[in-house]
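This note sets out, point by point, what a new reader may wish to examine in the structure shown below.

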Amino acid sequence: MTSIDPAVASVLDDRPANDDSDDDNLLESLENDPALDSFREQRIQQLHEELARAKHLRNQEHGHYTEMNDEKALMDIVSAGAMLSVVHFFRSDFHRCGIMDAHLDTLAPLHFDTRFLRINVDNAPFLVTKLKVQVLPCVIAFRQGVSIDRIIGFEGLGYSEETFSTKDLERRLVISGALVREKLMETHSRGKGPGLGEYGTRNEPSRVENSEDDWD
C-alpha cells in the first residue's frame, strides 16, 4: 500500500466509520478552506484516491466483521491477492471469545484495508488441526495466506491476562503488520472475562511457525 501523507490520514481517520455520505462535502471544505494550504494539489489528489479506494473495498465486504460458516470459503478469502486478514477462531459459549469479538467488531470498520473474519471451531476441523488451534480465543493474522501474528487467549495484550483495551489489540496488530496504522484514541473500551473452559489457558509465549500457519 502507498504511504499516506499524515495530514490526509488524519482527515480519513476522523471520518465516521463506514460513512461515505460526506465525502464530497469533505473534499469541498478542504479545497475551499484557505487555512488548509497544506492540502493543496498532491494531498487533495491523494485524499480523492483514498476515499475512492475505501468505498471500493467496503463494497467488497471490507469494513465488516464477518462470520464464516465454511472453512474453504474462509481460506479463499485469506489467500486472495495481497489481502491482509485477521481471523478469530471461536466458540459461541466461551465468554472470552465474546470479549474478543467486541474488540474486533470495533476495529473492523476503522481498518478497511484488512478483512476481519470469525469462524466457529466446530465449522473448521481442518484448519483447527492444521493451525494447531488449542486455546480459545485464538486470533491469527495473515498476509496473502501466510501467518504474521497469533494471539492465544488474551496473552500479550494490555495490563493483565484478564483485561485489555481495543487500543491494546489495535497496537499489537499494527506492530505485526496486520493493520496499516493506529486509528483509535489512546483510551478505549476494556473487557474482562472468566476462564477459557475446555481449551484452558497458557502463560508461555506463543510461537508461530509459518510452515504450520500457511494454507498450502
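1. A polar contact is a pair of N or O atoms within 3.5 Å; within protein, one of them must be able to donate a hydrogen and the other to accept it. Asp70 provides such a case at the N-terminal end of α4, which Asp70 caps: one of its side-chain oxygens lies 2.9 Å from the backbone nitrogen of Lys72.

2. The model under discussion is predicted. The protein contains eight helices and seven strands. Of its 216 residues, 49% count as buried. Among contacts with a separation of 6 or more, 73% are accounted for by residues 24 or more positions apart.

3. In what order do the five strands of the open sheet stand? The order is β1-β3-β2-β4-β5, and the pairing is mixed. The edges are held by β1 (65-68) and β5 (146-152); each has a single partner strand, so one side of each is left without a neighbour in the sheet. On average, and with direction ignored, neighbouring strands of this sheet are turned by 25 degrees against each other.

4. As background, strands of a sheet pair through backbone hydrogen bonds, either parallel or antiparallel. Here, β1 pairs with β3 (residues 114-120) in the parallel sense, over four bridges. Within this pair, Thr66 has Leu117 of β3 as its bridge partner.

5. Strand β4 has antiparallel partners in both β2 and β5. Six bridges join β2 to β4, and Ser85 stands opposite Phe142 of β4. Six bridges likewise join β4 to β5. In β5, Asp149 is the bridge partner of Ala141, and Ile152 is that of Cys138. The hairpin of β4 and β5 has two residues between the strands, and in it Gln144 takes a positive phi near 55 degrees.

6. Are these two strands mostly covered or uncovered? For β4, five of the six residues are buried, and the strand is mostly covered.

7. Which residues of α4 are buried? They are Glu71, Leu74, Met75, Ile77 and Val78. Seen down the axis of α4, these buried residues fall within an arc of 160 degrees, so they line one face of the helix. Their cover includes β1, β2, β3, α6 (125-130) and β4.

8. The largest nonpolar core has 23 residues, and those with the most contacts inside it are Leu74, Val87, Phe89 and Leu136. At least two residues of this core come from each of α4, β2, β3, α6 and β4. The helix α4 gives the most, with four residues.

9. Leaving aside its neighbours within four places in sequence, Phe89 is in contact with Ile119, Val121, Leu127, Leu131, Val133, Leu136, Pro137, Cys138 and Ile140. Apart from the core that holds Phe89 lies another, of 20 residues, which includes Val86, Met100, Val139 and Phe154.

10. The last point concerns His111, found in the loop between α5 and β3. Why does His111 count as buried? Its relative accessibility is 3%, and the term applies under 20%. With neighbours within four places in sequence left aside, the contacts of His111 are Phe116, Glu170, Leu179, Arg181 and Lys183.

How values were computed. Residues are numbered from 1 along each chain as its sequence is written. This is a predicted model: local features need pLDDT of at least 70, side-chain atom pairs count only at pLDDT 80 or more; totals for chains, interfaces and linings use all residues. Side-chain values use heavy atoms; hydrogens and water are left out. Two strands pair if DSSP finds at least two bridges between them. Axes are lines fitted to C-alpha atoms, for helices over the stretch in contact, and angles run from 0 to 180 degrees between N-to-C directions. Buried means under 20% relative accessible area, exposed over 50%, partly exposed in between (1.4 Å probe, protein chains only). Contact means heavy atoms within 4.5 Å. The arc is that of the directions from the helix axis to the C-beta atoms. A nonpolar core is a set of buried Ala, Val, Leu, Ile, Met, Phe, Trp, Tyr and Cys residues joined through side-chain atoms within 4.5 Å.
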